[in-house]
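Student: Can you walk me through this model? I'd like the overall picture, then some details.

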Amino acid sequence: VSVANLNTLYGRTNVKRIDTTQSTLSGTAADYVTLKDDVDSGTADKINLKSNPTITFSDAVNTNTHGDAITTLAQKTSGNFTFSSTFNVNNAYTINTTTNSAQNYTISGALSISADLTIPNGYSGVFKASSTTTQTGGTVDIAGAEFNAVGAVTTSGGTIKVNAGKFNYDSTLTISGGKVQYVSGTWDDSTSDVAVSSGTLDIDADLSIDGKIKLSGTGTLDVASGKTLTCDDNLEYGAGTITNNGTIAMSASKTLDINAAITMTTGTIELKNNSILDIAANASINKLTFSGTNATLTLNDKTLTQTGDAIEFGASKTISISSGTITNTNAIKLDTSTLKLTGNLTLSNNGGLDINGDCTINLQSNNLVYQDSGNLDIDGNTLTLEGTGRFQNAGNLRFNNANSKLTISNAS
């Protein structure tokens, strides 16, 4: 029996109560607006939905006109909801948790959001958008259960806030305005890309993102102080702003691509095992660290400037560096590590080259030009120069300890 038929039957003067045990119920949004004041699930003189049917809206829905009907039905039956056409959040709407908080909402058509949508704490179902999701305004507050966007998500205004709930998107997340903010909860991107061309990807808690992050136009990537964004795929910077007050960590074998000039005055860039920093334009960063045993700096004949702490290659590291220039106002520290040059490298205006353990510089057939005017102290360690390239030092090379040792193999 359709919703329209139930409304017609209940409207007859000799019908005071209807009990239905059907497992599904279908009707237009307008039909459900009519039904909402007469529906129940018990024994009242109402239209009693005794078997908690799946509720299907057969046409387009908007929360301004139909929101009250959806909430009333959600409170009167524990069945799930299916929306066969578009769902437009054009008036503030909160998913029901008064009763039946585990209901699922499945939208087959496009989801359009221009007003606040709250998925509250205490909601344990899934709000699922099977097609595209487009946001132009309002705040989507994901505080409970799950917001599952199967199709592409585009936000050009407003905020998507992951706030203790689960945000699961299966296709590209495009930020062309507004903000997507991670505060807490679960971020599940199914290795889908995040493309930020305007607006902000705002990371306020530790988070790993599986898909690529692509920054272009006037887009902003903002990492809060003391927090870490771990990139489990490549991070591609083409334009925009990276405001890194915490740490951006590149997972094993992933690449941070710098394709346009950029300055990052705060925060840390961390390269894990076999990860790559690829600079196709001059870049200035605050701090660069290496946490894996191998990493690659691809300089492409550009200049990498570090303005913060010393560059520490760390113990037992092998760092491959291509042609270019590294400029650093503090020291470059080698701690039982190996520098492997795959191109000519210039260390310019540095605060010193500190040898803090037995280290190797593999010159292959390339040149390392160390332009600092200060001394290079081996400090009781062994520095090995190997390969057929050349090491050129503008300052003094000092053996200031009886155990200091310089070993040269083919290099000059």
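Predicted model: local features only at pLDDT ≥ 70, side-chain atom pairs only at ≥ 80, totals over all residues.

Tutor: Buried residues make up 49% of the 412 residues in the protein.

Student: How many helices and strands are there in the protein?

Tutor: There are three helices and 49 strands.

Student: Is the protein spread out or a compact globule?

Tutor: Spread out. The radius of gyration is 30 Å, while the globule rule gives 22 Å for 412 residues, so the protein is more spread out than a compact globule.

Student: What does the C-alpha trace span along its principal axes?

Tutor: About 110 × 35 × 30 Å.

Student: And contacts? What share join residues at least 24 apart?

Tutor: That share is 27%, counted among contacts between residues at least 6 apart in sequence.

Student: Switching to rings. How many aromatic pairs does the structure hold?

Tutor: It holds 15 aromatic pairs. One of them joins Phe 167 and Tyr 169. Their ring centres are 5.1 Å apart, with 40° between the planes, and the pair is tilted.

Student: Are those two buried or exposed?

Tutor: Phe 167 has 0% relative accessibility, so it counts as buried. Tyr 169 is also at 0%, and it is buried because the cut-off is under 20%.

Student: Which geometry does Phe 167 have with Trp 187?

Tutor: Edge-to-face. The planes sit at 85°, and pairs over 60 degrees get that label, so the call follows from the angle. The ring centres are 5.6 Å apart.

Student: Where in the chain are these two residues?

Tutor: Phe 167 is in strand S18, residues 159-169. Trp 187 is in strand S19, residues 173-188.

Student: New topic, voids. How many cavities of 30 Å³ or more are there?

Tutor: The count is one. The largest cavity holds about 30 Å³ of space.

Student: Which residues line the largest cavity?

Tutor: Leu 256, Ile 258, Met 264, Ile 269, Leu 277, Ile 279, Ala 283, Ile 285 and Leu 304. They divide into nine nonpolar, no polar and no charged.

Student: Which strands supply at least two residues of that lining?

Tutor: Strand S28 (255-258), strand S31 (275-279) and strand S32 (283-285) each do.

Student: Now backbone. What is phi of Ser 253?

Tutor: Near 70°, a positive value in a residue other than glycine. Most residues other than glycine have a negative phi. Ser 253 lies in the loop between strand S27 (247-250) and S28. With a relative accessible area of 47%, Ser 253 is partly exposed.

Student: What about phi of Ser 316?

Tutor: Phi of Ser 316 is also positive, near 55°. Ser 316 sits in the loop between strand S36 (311-312) and strand S37 (318-321).

Student: Why does Ser 316 count as exposed?

Tutor: Because its relative accessibility is 54%, and exposed means over 50%.

Student: What does Lys 272 touch?

Tutor: Leaving out residues up to four places away in sequence, Lys 272 touches Thr 230, Ala 249, Met 250, Ser 251, Ala 252, Ser 291, Gly 292 and Asn 294.

Student: What separates the C-alpha atoms of Lys 272 and Asp 309?

Tutor: 18 Å, and they are 37 residues apart along the chain.

Student: Last one. Which strand is Thr 54 found in?

Tutor: Strand S5, residues 54-57. Thr 54 is partly exposed at 28% relative accessibility. Beyond residues up to four places away in sequence, Thr 54 touches Ser 23, Thr 24, Leu 25, Asn 80 and Thr 82.

Key:
Residues numbered from 1 in each chain as written. Heavy atoms only, no water. Phe/Tyr/Trp six-rings, centres within 6.5 Å; stacked < 30°, edge-to-face > 60°. Buried < 20%, exposed > 50% of the residue type's maximum accessible area, 1.4 Å probe, protein only. Helix = DSSP H or I, 4+ residues; strand = E, 2+ residues; numbered from the N terminus. 1 Å grid on protein atoms, 1.4 Å probe; cavity = no way out; pocket = protein on both sides within 12 Å on 5 of 7 lines; lining within 4 Å. Points joined across faces, edges and corners; volume = space filled by probe spheres on them. Nonpolar A, V, L, I, M, F, W, Y, C, P; charged D, E, K, R; others polar. Rg over C-alpha atoms; globule rule 2.2 N^0.38 Å. Contact = heavy atoms within 4.5 Å.
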